[in-house]
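Dear colleague,

I am handing over the structure we spoke about, together with some notes on what turned up when I went through it. Please have it open beside you as you read.

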Amino acid sequence: MIKSFQDLQAYKNSKALFPTIVETTQRFPREGRYLREQMCRAANSIHANIAEGFGRSEAEFKKYLTTSLGSNNEMLSHLEDALLAGYIDKKKHDSLVDGYNTVGKQIFQLRAKWRVF
């Protein structure tokens, strides 16, 4: 039974990925500062939008989920950039991409199936 946004698996999984993004991006070189800031902002935005939209009308919550999904897609793009720039290795990239792909699917399904009872 879902009583709060904290019960949603998409929220739990995106929130769990956030510390890894912070830790990983702290190792970026000085010239990677902008990407680091964008990645941390996007990673935070995913679960923050789920939390902010929960408890609103069905239509409003779905808009927040759409924003959350957009931030998730942004993270996937930033991870590609970090790999191409040599800021993260392939193993770390693949692990994070797997995590964000899972979250993206969860948000997509939640948005498609969400009904206010």
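This is a predicted model: local features need pLDDT of at least 70, side-chain atom pairs count only at pLDDT 80 or more; totals for chains, interfaces and linings use all residues.

Residues are numbered from 1 along each chain as its sequence is written, and side-chain values use heavy atoms, with hydrogens and water left out.

Helix packing

Helices here are DSSP runs of H or I with at least four residues, numbered from the N terminus. Axes are lines fitted to C-alpha atoms over the stretch in contact, and the angles run from 0 to 180 degrees between N-to-C directions; angles under 35 degrees count as roughly parallel, over 145 as roughly antiparallel, 65 to 115 as roughly perpendicular and the rest as oblique. A crossing is called left-handed if the near helix is turned anticlockwise from the far one by less than a right angle, and right-handed if clockwise. Contact, throughout, means heavy atoms within 4.5 Å.

The axes of α1 and α2 come within 9 Å and cross at roughly 165°, which makes α1 roughly antiparallel to α2, and α1 passes α2 in a left-handed crossing. Among the residues that meet across these two helices are Ala10, Phe18 and Ile21 in α1, and Met39, Ala43 and Ile46 in α2.

For α1 and α4, the axes come within 9 Å and cross at roughly 155°, and the two helices are therefore roughly antiparallel to each other; α1 passes α4 in a left-handed crossing. The residues that meet here include Gln9, Asn13 and Ile21 in α1, and Gly99, Tyr100 and Gln106 in α4.

Between α2 and α4 the axes are 13 Å apart and the angle is about 25°, so these helices are roughly parallel to each other, again with a left-handed crossing as α2 passes α4. In this pair, Ala43, Ile46 and Ile50 in α2 meet Tyr100, Val103 and Ile107 in α4.

The nonpolar core

A nonpolar core is taken as a set of buried Ala, Val, Leu, Ile, Met, Phe, Trp, Tyr and Cys residues joined through side-chain atoms within 4.5 Å, where buried means under 20% relative accessible area, exposed over 50% and partly exposed in between, with a 1.4 Å probe and protein chains only. Which residues touch the most other members of the largest nonpolar core? They are Ile21, Met39, Met75, Leu79, Tyr100 and Ile107, out of 28 residues. At least two residues of this core come from each of α1 (9-25), α2 (33-53), α3 (58-84) and α4 (90-113). Met75, leaving out residues up to four places away in sequence, touches Ile21, Met39, Ala42, Ala43, Ile46 and Tyr100.

Aromatic rings

Rings of Phe, Tyr and Trp (its six-membered ring) pair if their centres lie within 6.5 Å, and planes under 30 degrees apart count as stacked, over 60 as edge-to-face and the rest as tilted. Five aromatic pairs are found in a search of the whole structure. The rings of Phe54 and Phe61 have centres 5.9 Å apart and planes at 90°, so this pair is edge-to-face. Phe54 and Trp114 are likewise edge-to-face, at 5.8 Å centre to centre with 65° between the planes; this pair links distant parts of the chain, with Phe54 in the loop between α2 and α3 and Trp114 in the segment after α4, 60 residues apart. Phe54, Phe61 and Trp114 form one aromatic cluster, within which Phe61 is buried at a relative accessible area of 1% and Trp114 is buried at 15%.

Gln106, found in helix α4, is buried with a relative accessible area of 19%, and, not counting residues up to four places away in sequence, Gln106 touches Gln9, Ala10 and Asn13. Gly99, also placed in α4, is buried at 16%, and its C-alpha atom is 9.9 Å from that of Leu76, 23 residues apart in sequence. Arg111 of α4 is in contact with Lys62, Leu65, Thr66 and Leu69, leaving aside its neighbours within four places in sequence. Asn101, which lies in α4, counts as partly exposed at 32% relative accessibility.

With best wishes
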